[in-house]
Amino acid sequence: QVRIPGEYFLSNVSLKTPLRDGSLTINELVITIELYESLFKGVLSGNLLMRDTTNLLSSYPICGYETLMLSFHCDNGLEKSDFDLTFRVYSVKNVIDGANDGKTYTLEFISPEYISNMEMIVDKSFTNMTSSSIAEKIWGESLGLMGKSLKIEESRGLMSIVSPFWHPIKAMDWLASRSLSSDRMGANYVFFETLDGFNFVSIESLVSNINDEEVTSYIYGPKDISLEGFPNLTDPTVISSVQIDSSFDLIQNLSLGMYSSNLISHDIIKRTVKRYNFDYKKTFDSYEHLEDWSFLHDDVESFKEVYDSKRFLVPQHYQLFGDDVVGNSSLRERVLQLRVSQLQQINTYKMTIKIAGDITTRAGDVVYIHYPSKGGVDREDRLMSGKYLVLNVKNSLEMTRHETVLEVAKDSYFREIPSKGV
């Protein structure tokens, strides 16, 4: 049977509470379910809009103890997927009491790991360990006990730290902000959850070693548009709408230190000062990017080596973690400038696209967007076309429709910036 992309079947939506035996099926009450994945927000979340004609809000009741269980089947035309998901309901919003047709309201839900995270603390020391090893240990002793997997990219550099009564997710985020990849040069680790599990990886690992034939491609415009002379990675999916969220912002890029920065490391005990300069253009080829061309043109000197545009001060303390020389650092002075620049690069060109439902696309995936040129000799827009990293995914499931919204970003151009004679 031929299926329409975006088709799905919602087999079960139910609530379970310790106040009652069994579970309560609410399939017929559901209006819309929205599921969210984000590269920068840690865990899965979502909301469920429902029409309640039996006053479950008070009679069940729905009061904060509930577990939400979702089972559905999706078919994007190429791949079929079955999902059985469990969330914790943490809030009821937008209650509208209709006189004759009951109440409508929104249940907001989140991964159960987040609620458990709020009930745990990490209050121990870690000596001479890499950040990835510390993350793995924290995970195994806390949220990992709940059964979900964690994909970890090995980091380099030993550190000794004491977690000051942080919740596990805060500790994982802090470790990500101090991590350097063991086999790459970057410092853009993130901790996040998708429908496939949790991840503690660098953005560089997400955008490197990409097999072009496996990259999903999208096109904004007629599906039969000619793309001769440009990479047509797969049969492209049509984008129904595009919103350009941001392009370049020179003031923001300069003030945050994306192009250049100076870091001063001051050791109050040894009374020493060290200075480190970072330059985006000089180091561009040292790190993994989505494409080969930087945001700065080779022949223009503007915004290069402008170290005074942003200054960082990192206090140091000799033997801060004891008299062991190895691991006697939080790695802040080695990570800060590079991480700030790399995260701002991926925050420069962003767009939001809407497509027919596709549950297979994940936060952290790389996609290719064919953005036709509105003029000139090029078939594709030189600045807007190319590979993008998926930052956020919203899957909207209604009774007869499945729609996916992707927020995507790029950290480089797929072709060189046009110059004289081009």
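Ala, Val, Leu, Ile, Met, Phe, Trp, Tyr, Cys and Pro count as nonpolar; Asp, Glu, Lys and Arg count as charged; the others, Gly among them, count as polar. Keep that sorting in mind. The model here is predicted.

Start with the cavities. The count comes to 3 cavities of 30 Å³ or more. The largest cavity has a volume of about 60 Å³. What classes of residue make up its lining? The lining of the largest cavity has 3 nonpolar, 4 polar and 3 charged residues.

Now put names to that lining. The residues are N188, I203, E204, V207, E288, H289, Q342, Q345, I346 and D411. Which element gives the most to the lining of the largest cavity? That is α5, with 3 residues. Helix α5 spans 203-207. Both α5 and α8 supply at least two residues each.

Stay with helix α8. This helix covers residues 332-345, and S341 has its place there. Is S341 buried or exposed? S341 counts as buried because its relative accessibility is 0%, and buried means under 20%.

What surrounds S341? Leave aside the neighbours within four places in sequence. S341 is then in contact with G257, M258, F278 and Y280. Take G257 from that list. G257 and S341 are 84 residues apart along the chain. Their C-alpha atoms are separated by 6.1 Å.

Find the backbone oxygen of M258. A polar atom of the S341 side chain lies 2.8 Å from that oxygen.

Definitions and conventions
Residues are numbered from 1 along each chain as its sequence is written. This is a predicted model: local features need pLDDT of at least 70, side-chain atom pairs count only at pLDDT 80 or more; totals for chains, interfaces and linings use all residues. Side-chain values use heavy atoms; hydrogens and water are left out. Helices (H or I, at least four residues) and strands (E, at least two) are DSSP runs, numbered from the N terminus. Buried means under 20% relative accessible area, exposed over 50%, partly exposed in between (1.4 Å probe, protein chains only). Contact means heavy atoms within 4.5 Å. A polar contact is a pair of N or O atoms within 3.5 Å; within protein, one must be able to donate a hydrogen and the other to accept it, and residues adjacent in sequence count only if both atoms are side-chain atoms. On a 1 Å grid over the protein atoms alone, a cavity is a set of points where a 1.4 Å probe fits but cannot get out, and a pocket is an open set with protein on both sides within 12 Å along at least five of seven lines; lining residues have an atom within 4 Å of a point. Grid points are joined across faces, edges and corners, and a volume is the space filled by probe spheres set on the points.
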